[in-house]
Amino acid sequence: MSIQVLSEELASQIAAGEVVERPASVVKELLENAIDAGASRISIRVEDAGKKKIEVSDDGTGIPIDELPLAVSRHATSKINTAEDLFHIRTLGFRGEALASIGSVSRLMVLSRNADSQVGARIMVEGGRIVSKEMTGSVTGTIVRVSDLFYNTPARLKFLKRDVTERQQIDTLVSRYAMAYAGKAIHLEHDGKAVLRTSGNGERREVLAQLYGIELARQLLEVVFEEEGMKIEGYISPISISRSNRKDMTFFINGRWVQDVTLVSALFKAYQTYLMVGRYPLSILFIEIPPEAVDVNVHPAKAEVRFREPDRVFTAVQRAAKRALMAYAPIPQLAAASWSSQAWNPSPELDGTGMNARPMQPQSTGQPQPMAETPSSSSVEPAPFAAGIPLLRLVGQIGATYLVAEGPDGLYLIDQHAAHERVLYEKMQRQKENIPTQPLLEPLLIQLPPQSAQIICDNLQVLRKIGFHLEEFGRNSFRLSAIPALFTQKDPRAAINSVVEDF
Ligand SMILES: Nc1ncnc2c1ncn2[C@@H]1O[C@H](COP(=O)(O)OP(=O)(O)OP(=O)(O)O)[C@@H](O)[C@H]1O
Ligand SMILES: [Mg+2]
């Protein structure tokens, strides 16, 4: 095929592909525009996981009537002017292409009234072409409505994930911005149902409580750090709270949510040795650095950045997190006394697992004890994790964390916590279809972040099957009335949270 210049329509659809990957990208661009416009109230309405409609309204500065056509044109922006400006970006947008991109793959309506004007105007764009523009009465601010996203790029539509996933992406995004901009009242609803509503009073912990539940929000450690022009604020999890993936490690640079390996590894490093393998911290950190020290013009989606001095940023994040960890949750020093080879006191952790059997007591001269096969005092079932482990003789316990045992081939250190998890796991495996439940004396109200709440809603039947009796109880809230009998001594909220993670 000979070389040909692409039609304007096709060229702009290609360009749009980089900015508008999915409904959540549209929400991100519109939300960022509202923030740049200095809005204090932002409302987001989504229908059909964003495929049918995404509408964002704000009470920001609005767009002057004669600039409306420019706002929806490519390479038109009010945020930068010269190449030099690119290195001092203080706004979230600067490329002047988001609305144009969105308009080329949807039916777009922008209704806006600038504060200096008596009336507003409405402009409609379809597949990249302005189809109408008219004056209209409206309040100061802007409403952007995106309908039938990807109606003219069916291939893109096919690539979208299940509605639940697309909705979750939106929820996660809006939740993060709600935390970053706690001073703005942000409201999100899906198909007429509110999933997030922040008051805008500036209290980040209040937003955190809505997202992660009051209990977890209370436990998060506050980070306050300032060094050589770099400021880091926010929250990180104490070492007792962790996640099975890095999805909850959130970073904002100068008010912009970014995904960056330097930041992730710096934070992870701060937790090194404190977390079990495969566990990750939870964070929401807001980093302020001089705009000239970070290049945000790396990718059209603006979620990646390049630092002028990555090492400095790495060190600062690591130090900030470490300081918070040490200040709030000092790592207990092992006192000499905790190296006990004397009386072994089964920790409550091990109760009822079949591991707290008497024969685990240290034997100074006895034969190796069949640690895994001895019946417990409360149950005659064999303890389940015998496979692959030889007969062991218990020597003692270290710091209420490890069991020390002697086996035919040497010394064994057993992580009590991990062993306990394994015991519970195997017990549950054996109960399979018929998991006994234990009704709670008082039903428990559990508040979850919107994205987790959605997961729970979609899996209520599965949860019931494994013994959690939950029912919806208001926005993102659930009433828990029974739990698997195995968990009676456990914190049901923590159990629900880890189940959500696994889903
Ligand atoms: N909600 C809004 N309130 C006020 N002005 C807006 C709003 N949304 C868009 N605008 C105006 O329209 C212009 C174009 O918006 P658009 O999102 O396409 O580009 P941008 O924000 O300048 O850059 P980027 O492509 O990086 O987002 C903006 O520069 C701004 O002047
Ligand atoms: Mg923009």
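Which residue has a polar backbone atom 2.8 Å from an oxygen atom of ligand 1? In this predicted model, that residue is Leu99. A backbone N or O atom of Gly96 lies 2.9 Å from an oxygen atom of ligand 1, and a polar side-chain atom of Glu29 lies 3.4 Å from an oxygen atom of the ligand; a polar contact is a pair of N or O atoms within 3.5 Å. Of the 590 Å² of accessible area (Shrake-Rupley method, 1.4 Å probe) that ligand 1 has on its own, the protein covers 94%.

The shell around ligand 1 holds 21 residues, each with a heavy atom within 4 Å of the ligand. Asn33, Thr77, Ser78, Lys79 and Lys302 are the closest. By class, the shell comprises eight nonpolar, seven polar and six charged residues, with Gly counted as polar. Helix H2 (23–36) and helix H4 (98–104) each give two or more residues to this shell, and the largest share, three residues, comes from H2. Helices are DSSP runs (H or I) of at least four residues, and strands (E) of at least two.

Helix H2 has 14 residues, of which 12 are buried, that is, under 20% relative accessible area with a 1.4 Å probe. Glu29 is among the buried residues of H2. Their cover includes helix H1 (8–19), strand E1 (41–47) and helix H6 (163–180), where contact means heavy atoms within 4.5 Å. Gly38, which follows H2, has a positive phi near 75°.

Local features required pLDDT of at least 70, and side-chain atom pairs 80 or more, whereas totals for chains, interfaces and linings use all residues. Residues are numbered from 1 along each chain, chains are lettered from A and ligands numbered from 1 as written, and side-chain values use heavy atoms, without hydrogens and water.

Note on methods. Polar contact = N/O pair within 3.5 Å; in protein donor to acceptor, adjacent residues only side chain to side chain. Buried < 20%, exposed > 50% of the residue type's maximum accessible area, 1.4 Å probe, protein only.
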